[in-house]
Amino acid sequence: MSGPERDVAVSVREATRTHGTVQVLAATSAEIAAGEALVVWGPNGSGKTTLLRLVAGTDLPTSGSVHVLGSPAFDARRTRREDIAVLLDGLSSYPDLTVAEHLALVASAWGRRHVLGTRPAPSVDDALDAAGLTRVRDQYPGELSSGESQMFALACTLYRPGALVVLDEPEQRLDAAWRQRCRALLLAALDAGRTLVVSTHDRLLRAALVEDRTDGTRRGVQIELAAPAR
Ligand SMILES: Nc1ncnc2c1ncn2[C@@H]1O[C@H](COP(=O)(O)OP(=O)(O)OP(=O)(O)O)[C@@H](O)[C@H]1O
């Protein structure tokens with residue numbers, strides 16, 4: 001979409017982040033409309049997680065601005081809480097609740113808002129099936145493999161409402177089959193009208209999220225962050 005009717009969901013303008021005297025994010029700009037993906041690409045240490053923290057509103061830019069859903073991201077984090085789903089530093093979980101019970105808890109916590117756009121949310125079992133977690137539905141978080149844990153975190157994050165979803169390297173610790181599921185889940189989220197901001201080292205995920213749809217509409221864009229000086 002282009003033109004004045006474009007519904008901007010994420011706008012990053014000349015945003016930088018400095019820790020002390022060290023600039024960890026050089027001036028970065030990007031803009032996506034609602035329902036599009038922003039793929040953040042770059043080598044280790046290039047500032048991907050830093051940028052995602054600014055978008056998620058858990059950190060402030062040193063200069064420049066970051067707006068999401070029409071508000072400064074730092075404010076939106078509280079005022080638009082139900083609209084922003086974030087998986088940045090792993091998932092906090094309850095050791096004595098099962099995988100399925102965690103999703104049920106998410107649904108229960110969000111009540112009637114547990115709906116995505118005009119679509120009702122899938123059942124817990126359908127969501128677990130889509131994530132490939134049916135086999136471990138009755139296991140506790142401490143009983144999961146590292147790849148299962150990552151899919152569990154992803155499934156919980158995608159199961160809550162969130163017009164905007166922010167994911168830091170969702171493919172981490174996943175094997176090829178699960179990476180494929182991860183791509184399918186993110187494409188389905190986009191098709192449901194969600195806006196995605198995703199950092200990744202996975203070329204297939206990047207390609208899937210920035211490839212135009214068959215009807216020619218833009219699915220997403222990428223920004224590439226430069227390698228830090230070593
Ligand atoms: N609190 C901090 N104080 C100082 N430097 C920091 C701080 N947080 C991050 N950095 C530095 O900022 C740089 C960017 O880190 P960031 O985690 O954003 O990179 P990344 O692109 O996500 O890397 P990776 O691909 O390895 O996850 C790194 O060099 C890191 O050491």
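Modeller: T16 stands opposite S63 in β4, where helices (H or I, at least four residues) and strands (E, at least two) are DSSP runs numbered from the N terminus. Residues are numbered from 1 along each chain as its sequence is written. This is a predicted model, in which local features need pLDDT of at least 70 and side-chain atom pairs count only at pLDDT 80 or more, while totals for chains, interfaces and linings use all residues.

Biologist: In what sense do β1 and β4 pair, and over how many bridges?

Modeller: Strands of a sheet pair through backbone hydrogen bonds, either parallel or antiparallel. Two strands count as paired if DSSP finds at least two bridges between them. Here β1 (residues 8–19) and β4 (residues 63–68) pair in the antiparallel sense over five bridges. They belong to an open, antiparallel sheet of four strands with the order β2-β1-β4-β5, whose edge strands, β2 and β5 (71–72), each pair on one side only.

Biologist: What is the order of the open sheet of five strands?

Modeller: That sheet runs β6-β9-β10-β3-β11, with parallel pairing, and its edge strands are β6 and β11 (220–224). Within it, β3 (residues 37–41) and β11 pair over five bridges in the parallel sense, and the bridge partner of A37 in β11 is G220.

Biologist: Is α5 mostly covered or mostly uncovered?

Modeller: A residue is buried if 20 or more other C-beta atoms lie within 10 Å of its own, exposed if 12 or fewer, and partly exposed in between, with C-beta atoms placed from the backbone. By that count α5 is mostly covered, with ten of its 14 residues buried, among them M151, F152 and L154. Contact means C-beta atoms, placed from the backbone, within 7 Å, and what covers these buried residues includes β6 (84–87), α3 (99–110) and β9 (164–168).

Biologist: Which residues surround the ligand?

Modeller: A residue is near a molecule if its C-beta atom, placed from the backbone, lies within 6 Å of it. The residues around the ligand include H19, N44, G45, S46, G47, K48 and P228. The largest share of this shell, three residues, comes from α1, while β2 (22–33) and α1 (48–56) each supply at least two residues.

How values were computed. Contact = placed C-beta atoms within 7 Å.
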